[in-house]
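Dear colleague,

Please find below the structure that I am handing over to you. My notes on its contacts follow directly after it.

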Amino acid sequence: MRYLTIALTKGRLADKTLEILEKVGITCDEITEKGTRKLIFVNEDLKLKFFLAKGPDVPTYVEYGAADLGVTGKDIIMEENRNIFEVLDLGIGKCRMCVCGTDQARQLLRGHEMMRVSTKYPRITRDYFHNMQHRSVDIIKLNGSIELAPIVGLSDVIVDIVETGATLKENGLTVLEEVCKISARLVVNQVSMRLESDRIRDIIRRLRDLNA
Ligand code: PRP
């Protein structure tokens, strides 16, 4: 039996993912060792390998078959737009993709003047404003701390993830519109889905039953 490889998203989501995998009997002792600098972890008994990657890289590993399965956020899946199968909503890492800004920006959003939008998610932002709101906006791509942009005058509004809303509140910003709901998804390589169908379907079924 060949190893199945699972790509996990580094950080908060990895811990939550490992928790639910453990509930369905998919464990990996090595990965939970504190302070380890290892990048790849093996469960010999289950013939499974795990690795931790930056969120936006997970769909890339899965598309190219370097990982058979992956777990990452719907935000990343939409933004990366890779050829992968999204097979299950895991119900963890729940948050919202929102247009945010100051209260004053609300007016601007209602009008038709050109607006500047900062975001880590240019594809999602373009799709939302161009295809759903039918208005053109100037999109500025940033890599983090997006809330800074309207405060220092880089842009009028931002499109970003809101989880608790604490970051917005502490910076005098508010949710102006909701773009979509986000949660973590299980994704599968398209060839692996055929070649390892039984094992992969079994994993999907066990995780689905957990949510039912
Ligand atoms: C995310 C997001 C917001 C924040 C929202 O940032 O971009 O800044 O979390 O969470 P909250 O609603 O619970 O305050 P992240 O911590 O991933 O870091 P980043 O700023 O580098 O993107």
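**Salt bridges**

Arg 2, Asp 68, Glu 196 and Arg 199 are joined in a network of salt bridges, a salt bridge being a side-chain nitrogen of Lys or Arg within 4 Å of a carboxyl oxygen of Asp or Glu. Please note that this is a predicted model, in which local features need pLDDT of at least 70 and side-chain atom pairs count only at pLDDT 80 or more, whereas totals for chains, interfaces and linings use all residues. Residues are numbered from 1 along each chain as its sequence is written, and side-chain values use heavy atoms, with hydrogens and water left out.

By the salt-bridge rule, the count comes to 15. In the bridge between Arg 2 and Glu 196, the closest N and O atoms are 3.2 Å apart. This pair links distant parts of the chain, 194 residues apart: Arg 2 belongs to the segment before strand S1 (4–9), and Glu 196 to the loop between helix H8 (190–195) and helix H9 (197–211). Helices (H or I, at least four residues) and strands (E, at least two) are DSSP runs, numbered from the N terminus. Arg 2 is partly exposed, at a relative accessible area of 39%, whereas Glu 196 is buried, at 14%. Here buried means under 20% relative accessible area, exposed over 50%, and partly exposed in between, with a 1.4 Å probe and protein chains only.

Glu 196 also meets Arg 199 in a salt bridge, at 3.7 Å from N to O. Both Arg 199 and Glu 196 are buried.

Elsewhere, Arg 82 and Glu 63 form a salt bridge through their side chains, at 3.3 Å from N to O. Arg 82 is in the loop between helix H3 (74–80) and strand S5 (85–89), and Glu 63 is in helix H2; the pair links distant parts of the chain, 19 residues apart. Arg 82 is partly exposed, with a relative accessible area of 28%, and Glu 63 is likewise partly exposed, at 22%.

**Aromatic rings**

A pair of aromatic rings is described by the distance of the centres and the angle of the planes. Rings of Phe, Tyr and Trp (its six-membered ring) pair if their centres lie within 6.5 Å; planes under 30 degrees apart count as stacked, over 60 as edge-to-face and the rest as tilted. How many aromatic pairs does a search of the whole structure find? The search gives two.

Because Phe 51 lies in strand S3 (residues 48–53) and Tyr 61 in helix H2 (residues 58–63), the pair ties together parts that are ten residues apart in sequence. Phe 51 is buried, at a relative accessible area of 9%, while Tyr 61 is partly exposed, at 35%.

The rings of Tyr 128 and Phe 129 have their centres 5.1 Å apart and their planes at 75 degrees, and are therefore edge-to-face. Both residues are part of helix H5 (residues 122–132), where Pro 122, Ile 124 and Thr 125 are buried together with Tyr 128 and Phe 129. After H5 comes His 134, which has a positive phi, near 50 degrees.

**Ligand surroundings**

Among the 13 residues around the ligand, those that come nearest are Lys 120, Glu 147, Asp 160, Thr 164 and Thr 167; a residue is near if one of its heavy atoms lies within 4 Å. A polar backbone atom of Gly 165 is 2.7 Å from an oxygen atom of the ligand. The ligand taken alone exposes 490 Å², of which the protein buries 70%; these accessible areas come from the Shrake-Rupley method with a 1.4 Å probe.

**A buried serine**

Ser 118 is found in strand S7 (residues 116–119) and is buried, with a relative accessibility of 0%. Its side chain makes a polar contact with the side chain of Ser 155, at 2.9 Å. A polar contact is a pair of N or O atoms within 3.5 Å; within protein, one must be able to donate a hydrogen and the other to accept it, and residues adjacent in sequence count only if both atoms are side-chain atoms.

Yours sincerely
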